Amino acid sequence: MSLEDVENIKKRIENFKKTLMELTETPPPGVDPSAEHKVREMSAEVVDSNPYSRLMALQRMGIVNNYQDIRKYTVVVVGVGGVGSVTAEMLTRCGIGKLILFDYDKVELANMNRLFYQPSQAGLSKVSAASMTLTRINPDVQIETYNTNITLTTQFEEFMNVLKTGGINGDRVDLVLSCVDNYEARMAINTACNELSLNWFESGVSENAVCGHIQYLVPGESACFSCAPPLVVASEIDEKTLKKDGVCAASLPTTMGVVAGLLVQNTLKKLLGFGTVSWYLGYNALTDFFPSMMIKPNPNCSDRFCIMRQEEFLNRVKTEPQCTNEELLEDKVIHEDNAWGILLADDDTTAVSNEATAEFVTTPKAENINKNTSIKSEEEYLSLNDGLEFAYPSADQTAPNEESLVKDTDLTVDELRAQMSLL
Ligand SMILES: [Zn+2]
């Protein structure tokens, strides 16, 4: 037996010890992680011992109609790394019905710059470490784990079966969240979701750790992952050849936390039916810029199931009754009561008292400027109260002077460079 084999056996014994410790650790009072799933009514009662009082208050505040609906849903999280583990924790704390986790990786000390995992879990599979922590946080959530790589053919079949029958009552799952870090796994999820017509969210964080995004994919309605492949893939470069020994991607717990937050926020909006779900939402940490857009499907997509879903979507749109103007109006938030007697200021400026208008110079609303509805003339818009004046003239009053104008020249670029070097 080589020295390397002995070291490996030692490591395995250490891992067994850790697993044993995790399993035999005394749970906190009132929590029995080994117990069967407990169906508990989500109570809105405001007492310190109720884990759901703050969530059920969303109903009272008029944000959601029935928060308890969350217990009906099954969400699959593929990849429980920096983004996926935090996503799983948030959904667990929100009391999701069932959570199915897929990953084939192990917890490493190199992951400790991120949230969720603990150094004592190093060496354990990510799914079993996650399952133990999540069950302890909320034993009401059913957790199912798969220590598999969905990009392998046999395991892809298993993944498809889970998507078809993994729901709470043996039906299909409700939503798939992709928290993987490679194109191959995203393509596997894309293929499965196109075939099963399942909605999914994709998420990602850039290798320099300062950008991220989430994207909502509805087969047939929005672009799938094959509709617009990333440049690296379109150039037929093997992603694995880009990785170099001794060089790893950067990661920050902050960016990953933001992306996980955006992902779960949109998941909750989708499942519980409130607000607007973002199709694509980017995040640039350097400038705090959040671009958003919608990408339409490609009618020449290489995925045949995507083309089928596109046809189905177009047929559905044709047969669906058209919305009336009233239906298009924004849903008003209605509170059951107004315990604190909160009053909202009227948008109409006439509601503002004379005293207030004397003190503040109000800026006309942007939409009024655009529509030009309330402003009779530019002079009226630009007029100021007594004692105030503009620091700069308006653009049309600034006549360009001769020197600032760029003139045409017959000189070559080299001649211009020579002139510049003389300056
Ligand atoms: Zn497509």
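Predicted model: local features only at pLDDT ≥ 70, side-chain atom pairs only at ≥ 80, totals over all residues.
Biologist: Which residue in E2 is the bridge partner of Val77?
Modeller: Residues are numbered from 1 along each chain as its sequence is written. Helices (H or I, at least four residues) and strands (E, at least two) are DSSP runs numbered from the N terminus, and strands E1 and E2 (residues 98-102) run parallel, joined by five bridges. In E2, Val77 is partnered by Leu101.

Biologist: Nice start! Which residue in E4 stands opposite Val75?
Modeller: E1 also runs parallel to strand E4 (residues 175-178), with four bridges between them. There, the residue opposite Val75 is Leu175.

Biologist: How many residues of strand E1 are buried?
Modeller: A residue is buried if 20 or more other C-beta atoms lie within 10 Å of its own (exposed if 12 or fewer, partly exposed in between), with C-beta atoms placed from the backbone. In a regular strand, side chains alternate between the two sheet faces. Thr74, Val76 and Val78 are buried on one side of E1, and Val75 and Val77 on the other. E1 (residues 74-78) is largely enclosed by the rest of the structure, because its buried residues number five of the five.

Biologist: Which strands stand at the edges of the sheet?
Modeller: Strands pair if DSSP finds at least two bridges between them. The open sheet has eight strands with mixed pairing, in the order E3-E2-E1-E4-E5-E6-E7-E8. Each edge strand has a single partner, so one side of each is left without a neighbour in the sheet; these are E3 (142-146) and E8 (292-293).

Biologist: And which residue in E7 stands opposite Gln215?
Modeller: Five bridges join strands E6 (residues 211-217) and E7 (residues 280-284) in the antiparallel sense. The residue opposite Gln215 is Tyr280.

Biologist: Over what arc do the buried residues of H9 lie?
Modeller: Helix H9 (residues 304-319) buries Phe305, Cys306, Arg309 and Gln310. These residues are on the same side of H9, because the arc (of the directions from the helix axis to the C-beta atoms) is only 140°.

Biologist: Good to know! Which exposed residues does the face of H9 turned away from its buried side carry?
Modeller: Helix H6 (183-196) is among the elements covering the buried residues of H9. Turned away from that buried side are the exposed Arg304, Glu311, Asn315, Lys318 and Thr319.

Methods. Contact = placed C-beta atoms within 7 Å.
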